[in-house]
Amino acid sequence: MNAIKTPTASLHGLRLQDADAFYECLLDAHRGLSREESEALNARLVLLLANQVADTAVLKACIEAARQTPGSSQTG
């Protein structure tokens, strides 16, 4: 199977070059914010990243993957 042809296939495996640095940056961005401010930052960040991805099929696959929690039997 070719991962390029299947949007969900690209969701498997780490593609982020420096995940630790990204996570630290994300934590820093939330530092000192109230819960409401943090939620608003997350909403803006999701929209900005979605614009960068720019592929509806990939975005839908990401949403479905994000809805799945380890040990959950939740289905779309």
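Visitor: What is the relative accessible area of Asp28?
Guide: Asp28 has a relative accessible area of 39%, so Asp28 is partly exposed. Buried means under 20%, exposed over 50%, and partly exposed in between, with a 1.4 Å probe and protein chains only.

Visitor: What kind of model is this?
Guide: This is a predicted model, where local features need pLDDT of at least 70 and side-chain atom pairs count only at pLDDT 80 or more, while totals for chains, interfaces and linings use all residues. Residues are numbered from 1 along each chain as its sequence is written, and side-chain values use heavy atoms, with hydrogens and water left out.

Visitor: Back to Asp28. Which residue forms a salt bridge with Asp28?
Guide: Arg31 does, with the closest N and O atoms 2.4 Å apart. The term asks for a side-chain nitrogen of Lys or Arg within 4 Å of a carboxyl oxygen of Asp or Glu. Arg31 is exposed, because its relative accessible area is 56%.

Visitor: How many salt bridges turn up in the whole structure?
Guide: The search finds 2. Glu39 also forms one with Arg35, and there the closest N and O atoms are 3.0 Å apart.

Visitor: How far apart are Glu39 and Arg35 in helix α2?
Guide: They are 4 residues apart, so about one helical turn separates them. Glu39 is partly exposed at 43% relative accessible area, whereas Arg35 is exposed at 63%.

Visitor: OK, the fold. How many helices and strands does the protein chain have?
Guide: The chain has 3 helices and 0 strands, in the order α-α-α along the sequence. Helices (H or I, at least four residues) and strands (E, at least two) are DSSP runs, numbered from the N terminus.

Visitor: What span should helix α2 have?
Guide: Helix α2 covers residues 35-53, and its 19 residues at 1.5 Å each should span 27 Å. The expected span is 1.5 Å times one less than the number of residues. The end C-alpha atoms are 27 Å apart, which agrees. Just after α2, Ala54 takes a positive phi of about 60 degrees.

Visitor: Where is His30, and what does its side chain contact?
Guide: His30 sits in helix α1, and its side chain makes a polar contact of 2.4 Å with the side chain of Ser38. That term means a pair of N or O atoms within 3.5 Å; within protein, one must be able to donate a hydrogen and the other to accept it, and residues adjacent in sequence count only if both atoms are side-chain atoms. Ser38 belongs to helix α2.

Visitor: Which residues form the nonpolar patch on the surface?
Guide: Leu14, Leu16, Phe22, Tyr23 and Leu27 form the patch, with about 520 Å² of accessible area together. Areas come from the Shrake-Rupley method with a 1.4 Å probe; for residues, only the protein chains shown count as cover. Patch residues have over 30% relative accessible area and no salt bridge; like charges are joined within 9 Å, nonpolar side chains (Val, Leu, Ile, Met, Phe, Trp, Tyr) within 5 Å.

Visitor: And where does Leu27 lie?
Guide: Leu27 is in helix α1, residues 19-30, and is partly exposed at 35%.
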